[in-house]
Each structure stands twice: as structure tokens, then as C-alpha cells.
Amino acid sequence: MRFDRSDGVFCHVTSLPGPHGIGDLGDGAAAFLSFLGDCGVDYWQVCPLGPTIGAAGESPYQSPSAFAGNPLLIDLEGLVDDGWLEADELEPVPDFPTDRVDYEAVREYKLPLLRTAFDRFESERAEDAAATGDAAAAFDAFREREPWAGEYALFRALSAARPEDTWIEWPEPLRTREPDALAAAREEHAETIRYHEFCQWTFDRQWAALRDRAAEAGVEIVGDVPIYVALDSADVWANPEAFRLDEGNRPAAVAGVPPNAGDDGQRWGNPVYDWERLAENDYGWWMERFRRLFDLADVARLDHFLGFVRYWAIPADADDPAAGEWRDGPGRALFEAVEREFGEAPFIAEDLGFEDARMDDLMADFGFPGMRVPQYANWTEAGNPYQPMHYPERVVGYTSTHDTDTWVGYYEDLDPEQRDALHYNLGYGGDRPIEWAIIDEVWSSEAILAMTTVQDLLGLGSEARFNEPGTVDGNWEWRVERDALSDDLAGRLRELGEFHVR
């Protein structure tokens, strides 16, 4: 087992408090880390940190880059400290809602300010190289160290020039990455490219400082790795050899899941990997992806872990998920390569909803804990594996996840038979809030890690749900108010951890 018994809290960065309409890497994140320190927990779990786009409903799981950071998370006050913004340029701050993110309003406010900061950085660099020497050198070092940043920046520049098209609809020389076409594009869009690189460098600096602060508080960060990347992404466009594409660099097959009893399956549309070709260079693209992840996080949750064992590949020209077929993933070979590169990497395997002996064996062989969420339990079934009292040690127990309802929302929607059985299993008699009954149960389970969400700590209902899979509108918006993170709340979780965990 790659973990000691410990506990943590999930809260995505966008959900943090702060003055500029969205959680960012500034004072709100620092306050949250202080809260986690008071809670005495070991981990802070977040969603993927990449840029989000409105066309994908702001989902961090459909980002245009698996490597880049979201510029909307950049702390503007930090840019004032850098000298590239003036404090009065942040005023007046729009009347942003404090309980949710209005992404378009945030973009309208923040992106021009990021552009101003970039223009000032470039102007100072041109006028007085000595005055910006350290910063300029650090910027250049970042660009050299992170070659993905240049590819991502070019991708975003080309996407902005053709806002109605995905990259597979670009002219063939750009779509197939002919060197002369790429060179001409880099020259034509040089300033925009540097702007996006500047934003990535700024995010990188600010995140590194936040991670240092987390380490000082004794908190490790759990990042998230969606197994698939978005089709309209720099990842696929810049690395066509890693994916099953046709001669025109368009997907030959896409991911999904097959039909089951009661449903028609799902066609996700993400391009699938060319695992055989990736194996030829020891999974180089994946090694770079993991290297970047471990620059940002201490632990990685691997979403849809089954896909590393077997995956459902649907012909790209087929709309029906039933047209797909199971194909073998890389299995042990990938994670043996990871161990050669990084040593014993700390992974959590998202294995929810699938039973597969080969997947279970792979997790056991490498010591990757799986996941258990009590909202998946049948409370009338004796020994149900999602009931916390039956969790084995080799799992991470969650009260809720970013994709489920809050615990209170789930509880309020239970039918009477399931609710009565839940009460019986938890020994619950209404003497305490129901959210603390399940937190206590998960914390007292055998799970190696016990995790809850801020929404569950606060006892919030379905109005605070973070994401509802299969829908687009209204997701990824919830935010916590700063005064909700109280000393009393932290003290209660600390006492629970001291009793059950430490």
C-alpha cells in the first residue's frame, strides 16, 4: 500500500472564496489551506487544473490541454505584487456572485487585465532588460523547460483565428502540422503565442508558491488525471502519433462504453490512444503527462482506470455505441514504465461501476487503492461493498465526489425503504446531522484514506451539487463563502480525525 492511513477534503480551486468572481491562487486559497491545517487533514483534492471553455460547459475534464493551467485561476493581486498591474486597475470589481462562478463575467473582467500585465511585462523587457532580468530569464527558462507550453500557445492562437472551427477543420497544412505552415503561423501569431506562454508561466509560478504553502501546512495535493483528452485540444493536434488517427489526422476511433441492460451505452467522442505505438518509445507522451502532473500535485487520481486494462473503441463514423469493440489497454507495461521513470508513484484508481478481474489484479499488483462512495450502496443488502462498514483497507472512502449529489441531497432523495436501512446500518437516530453521521462512518471505516467534500462538511443539499454528468448547464459553478470555513467546523473534523485516523 502506497499510503499511510489519512484523511482529506475535496474542493476544486474554482470553488474557493475570493474577490474576483472565481476561486484563484491568492488569498482565498491561502485561507483554505489554513482551514485544512486547522482541520488536521492530510490531503486537499482538486479537479484537473487545465483551462476550461464555455463550449464544453466549463468542464475541467474537457480541457484544450492536459498540461496547461487555467488562466482564470491566476491571482490578480499577485500580478500587482509583480509590478505588472496597478492596484487601482483592479477597480471597480464587478458585483460578482459569491456563491457561484459566472464564467463569462469572470472572463470579461480578468482576461483584459491579464493582457495588460503581459503588455507591461513585454514593454518593460524591451525598454530595460536589466530591470526585468530575473523575470525575463525565468520566463525564458520556463518556455525551454516546458515545450508543451509553446504548442499549447500556438494551438490557442490558431483556435482564436478560427473560432467556429475545431482543429480537425483547419486547412490541411495546419491540421497535419506541415513544418512550413507551422513556422508561418508562429511568425504570424508571435505576440498571441507569447501572451499565452506568459499566462502559463504566471500560473506555474503562482501554483508552485501555493504548493509550497500547502507543504508548510502539512497538506498534500491530490490531482486528477482524466484518462482521455478532449478531441479539440493541443494534446491531440500536437501529438497525433499518440492517438489512433487517420492519414488526415482525424480520429479513427473514439471512446465510450458499451450498452448495458437498461441503457444504450455512451459515445464520449474522445480519441483513443495508439497504445502499440506509444509502447515503442516507452510511453513517452504519458511520461511527460505524469511528469507535469507531479510538478503540480503529490498524488494522482486516475479517472476511468478500467481504460488502462481494456477500453471500448467506437469507429469515429459510427453514432451508435454498440458499434464499438473491446480492445486491450497497456496494463502492466505502462505502470512498469512509470516506476522506471518516477519510482513508486502514488496513484488512486477510479474503479467505480465496473467489475473486472484484470483491473483488480493490476491495482493489487501495484498497490493502487480503488474508490468507494456510499451513495452507490444498496442499504438493504447485507455486506454491500459500498457500505462504509464493509470497506477494505485498500480503498479511498468518499462521502461524495465531484460527480455525485451532495450527501444531504442524496439522503433527501432516498426512498423510505433505503432510508430506513441506512439508518439501521449507521445506527442513526436523528441525534446529529445526517452528513456528520456518514462522515463519521467513512472516517471509522478501514479505508486507507477518508475523504469528504466541503459541501458535505457544510451539510448542503442538491443546490450545491458541483456536477451532474450528462448535463451541461449549471455545472462547475458552486463556490464556498469565506465565513463558512469556520473554526468550529475545522475543530469538529480535527476531532474526528484524531479519534479515527491518527
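Arg211 pairs up with Asp298 in a salt bridge, with 2.7 Å between the closest N and O atoms. In this predicted model, the pair ties together distant parts of the chain: Arg211 belongs to helix α8, while Asp298 sits in the loop between α11 (284-296) and β6 (299-302), 87 residues apart. Arg211 has a relative accessible area of 19%, so it counts as buried, the cut-off for that label being under 20%. Asp298 comes out at 22% and is therefore partly exposed.

The structure holds 31 salt bridges, and a couple of others also deserve a look. Asp82 and Arg205 bring their side chains together at 3.1 Å, N to O. Here too the link is between distant parts of the chain, with Asp82 in helix α2 (residues 76-82) and Arg205 in helix α8 (residues 190-216), 123 residues apart. Asp82 has 31% relative accessibility and counts as partly exposed; Arg205, at 28%, is likewise partly exposed.

Then there is Arg120, whose side chain meets that of Glu89 in a salt bridge at 2.9 Å, N to O. This pair spans 31 residues, running from Arg120 in helix α3 to Glu89 in the loop between α2 and α3. Arg120 is partly exposed, with a relative accessible area of 24%, and Glu89 is partly exposed at 28%. Salt bridges also join up into a network made of Arg125, Asp140, Arg143 and Glu197.

What Glu441 does touch, leaving aside neighbours within four places in sequence, is Pro388, Met389 and Leu426.

On to how the helices pack. Helix α12 (residues 332-342) and helix α13 (residues 357-366) meet at an angle of about 15°, with 11 Å between their axes. The two are therefore roughly parallel to each other, and their crossing is right-handed. On the α12 side the contact is made by Arg332, Phe335, Glu336 and Glu339, and on the α13 side by Leu362, Asp365 and Phe366.

Helix α5 (residues 147-161) and helix α7 (residues 179-188) do things another way, packing at about 80° with their axes 10 Å apart. That angle makes α5 roughly perpendicular to α7. From α5, Glu151, Leu154 and Leu158 meet Leu182, Ala185 and Arg186 of α7.

Two alanines round out the picture. Ala117 lies in helix α3 (residues 103-127) and, with 0% relative accessibility, counts as buried. Not counting residues up to four places away in sequence, Ala117 touches Leu79, Trp84, Leu85 and Phe198. Gly256 is 139 residues from Ala117 along the chain, and their C-alpha atoms are separated by 42 Å.

Ala382 is found in the loop between β10 (370-372) and β11 (395-398), where a relative accessibility of 76% makes it exposed.

Technical notes: Residues are numbered from 1 along each chain as its sequence is written. This is a predicted model: local features need pLDDT of at least 70, side-chain atom pairs count only at pLDDT 80 or more; totals for chains, interfaces and linings use all residues. Side-chain values use heavy atoms; hydrogens and water are left out. Contact means heavy atoms within 4.5 Å. Axes are lines fitted to C-alpha atoms, for helices over the stretch in contact, and angles run from 0 to 180 degrees between N-to-C directions. Helices (H or I, at least four residues) and strands (E, at least two) are DSSP runs, numbered from the N terminus. Angles under 35 degrees count as roughly parallel, over 145 as roughly antiparallel, 65 to 115 as roughly perpendicular and the rest as oblique. A crossing is left-handed if the near helix is turned anticlockwise from the far one by less than a right angle, and right-handed if clockwise. Buried means under 20% relative accessible area, exposed over 50%, partly exposed in between (1.4 Å probe, protein chains only). A salt bridge is a side-chain nitrogen of Lys or Arg within 4 Å of a carboxyl oxygen of Asp or Glu.
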